[in-house]
Amino acid sequence: MALFGPPLESKKLKLSKDTDLRTHTLRYETLLLIISRLDIPLDEILFLKDTYVELKTSVKQECEFIWVPIHDGPWTTSLEERYTKVSQMMPWYTVEHPTFITEETKKFVRDVWKFYRKPIIVVLDWRGRVKYPNAIHLMYTWGAKAFPFTRVRERALWMTEATRLGSLVLSFDPDLSSMLEAQKWVLLYGGGDAEWIQEFIARVHEVTTVKSDIYIELIYVGNNTESEQIQRIKNVISAVSPQSHSLILRKIRYFWTRLESLLISLSQTFSASDHTLDPFIQEVKKLLSYASANSWACLITPSSDLMIHSHGDAMLQAFTEYEVWKHHLHTQDFTKFFKTYIEQLERRGGSGHHCSRIILNIDNKDAVVKLTCPQCTHVMEKKVQYICCHVDNELE
């Protein structure tokens with residue numbers, strides 16, 4: 001009520017299409033305030049909608065979402081059209097109209113809850129107390145499992161899942177998760193080097209043909225590049241190997257956004273002196289550093305949930321030299337020796353000379369204070385990246 005005023009006839013919450021609801025009817029539920037600008041990305045809406053449906057159907061938790069659209073400046077006809085279009089995509093409650101939100105409320109949201117540009121999700125309990133000032137990274141990481149979206153719940157989830165990073169990396173997509181459950185090996189790869197991709201796919205197929213007791217699913221997950229380049233690479237993959245799958249663009253974006261959320265959630269949950277999940281954090285940082293790499297690959301196996309990953313040159317060399325090192329497999333299984341071989345290649349200078357660059361596409365309020373390099377012990381240089389892709393918003 002302090003934020004939006006008393007539940008008078010002129011100050012309602014409403015469902016996106018045809019139902020109004022007074023504020024006081026939500027008093028016994030957990031409220032998740034989705035605070036964003038009117039240009040909230042379509043991918044973000046679709047992700048939130050998936051989580052909302054899961055909370056309401058599978059998990060059946062007592063909670064509600066409320067969209068709080070923040071806009072500064074004069075209100076125009078085009079803004080009205082955008083607001084209508086966006087609100088109709090949301091199955092949850094919205095503030096009656098952006099112009100009803102006062103300047104005092106906007107100032108509070110920015111000064112106290114640190115809203116700037118990226119959407120945030122403020123979690124309120126049934127008494128109106130803030131339980132989590134921004135649960136969006138928690139939600140991206142764990143989805144509906146994170147209910148009631150508190151720091152206690154977040155830490156508990158990390159402590160129970162810490163040893164299964166491979167499963168956690170793939171859990172955003174049911175199709176990928178089912179591959180591990182079917183005892184298939186999953187080989188994620190990405191980058192924009194078409195020549196490397198063609199050769200890499202060919203070498204992997206050669207190895208799996210010789211070693212028929214393993215079945216590897218090749219999945220292209222791109223990197224943080226423009227959609228045109230990703231589509232070009234996907235065309236190359238289809239021409240080289242119809243058996244190699246590519247995620248749709250929305251899931252590629254989700255994959256990288258979720259990795260960012262994994263790192264932020266870990267950094268916010270565990271202090272620098274808490275070394276409980278140090279190896280886990282290092283693995284997440286390495287995966288994130290591949291977002292700007294020309295080529296990379298990551299092998300995830302179902303039995304031990306082992307992850308073997310590196311830059312493209314080392315991974316390609318290891319598969320290319322399979323005939324050289326396969327004779328050693330009588331003493332070690334494939335994955336253990338493959339991991340050892342990759343580490344040897346890195347020490348010899350293969351991919352060890354690559355710069356590690358981690359770019360978090362977030363507002364400064366979410367920035368991790370300090371990151372050590374995933375390849376060495378040095379503190380990484382911190383920079384801010386600005387980018388414009390000259391692409392109209394997908395809702396236009």
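This is a predicted model: local features need pLDDT of at least 70, side-chain atom pairs count only at pLDDT 80 or more; totals for chains, interfaces and linings use all residues.
Q: Is the peptide bond from Phe 147 to Pro 148 cis or trans?
A: The bond is cis, with omega near 10 degrees.

Q: What is phi of Phe 149?
A: Phi of Phe 149 is near 60 degrees. That is a positive value in a residue other than glycine. Phe 149 also sits in the α4–α5 loop.

Q: Which residues does Met 139 touch?
A: Contact means heavy atoms within 4.5 Å. Leave out residues up to four places away in sequence, and Met 139 touches Leu 32, Phe 47, Leu 48, Thr 51, Phe 65, Ile 121 and Phe 149. Met 139 belongs to helix α4 (residues 136–142). Its relative accessible area is 0%, so Met 139 is buried. Glu 154 is 15 residues away along the chain, and its C-alpha atom is 9.6 Å from that of Met 139.

Q: How do I find the buried side of a helix?
A: An α-helix has 3.6 residues a turn, so residues three or four places apart point the same way. In α7 (residues 174–181), the buried residues are Leu 176, Ser 177, Met 179 and Leu 180. They cover an arc of only 150 degrees around the axis, which puts them on the same side of α7. The arc is taken from the directions from the helix axis to the C-beta atoms.

Q: What is on the other face of α7, and what do its buried residues pack against?
A: The face turned away carries the exposed residues Pro 174, Asp 175 and Glu 181. The buried residues pack against α6 (165–170), β8 (185–190), β9 (216–220) and β11 (296–300).

Q: What is phi of Gln 183, and is the residue buried or exposed?
A: Gln 183 is not a glycine, yet its phi is positive, at about 65 degrees. It lies in the loop between α7 and β8. Its relative accessibility is 53%, so Gln 183 counts as exposed.

Q: At what angle do α1 and α10 cross?
A: Axes are lines fitted to C-alpha atoms, for helices over the stretch in contact, and angles run from 0 to 180 degrees between N-to-C directions. Helix α1 (residues 42–59) and helix α10 (residues 249–269) cross at roughly 80 degrees, and their axes come within 11 Å. The two are therefore roughly perpendicular (65 to 115 degrees; under 35 is roughly parallel, over 145 roughly antiparallel, the rest oblique). On α1, Asp 43, Leu 46, Phe 47 and Asp 50 make the contact; on α10, Arg 250, Arg 253 and Tyr 254 do.

Q: Which classes of residue meet there?
A: Ala, Val, Leu, Ile, Met, Phe, Trp, Tyr, Cys and Pro count as nonpolar, Asp, Glu, Lys and Arg as charged, and the others, Gly among them, as polar. The α1–α10 contact has three nonpolar, no polar and four charged residues.

Q: How do α10 and α11 pack?
A: α10 and helix α11 (residues 278–289) pack at about 150 degrees, with axes 10 Å apart. From α10 come Trp 256, Leu 259, Glu 260, Leu 262, Leu 263 and Leu 266. They meet Phe 280, Ile 281, Val 284, Lys 285, Leu 287 and Leu 288 in α11. The contact has ten nonpolar, no polar and two charged residues.

Q: Which residues does Ser 295 contact?
A: Beyond neighbours within four places in sequence, Ser 295 contacts Gly 190, Gly 191, Trp 196, His 311, Gly 312 and Asp 313. Ser 295 sits in the loop between α11 and β11. At 11% relative accessibility, Ser 295 is buried.

Q: How many helices and strands are there?
A: The protein has 14 helices and twelve strands. Of its 396 residues, 51% count as buried.

Notes. Residues are numbered from 1 along each chain as its sequence is written. Side-chain values use heavy atoms; hydrogens and water are left out. Helices (H or I, at least four residues) and strands (E, at least two) are DSSP runs, numbered from the N terminus. Buried means under 20% relative accessible area, exposed over 50%, partly exposed in between (1.4 Å probe, protein chains only).
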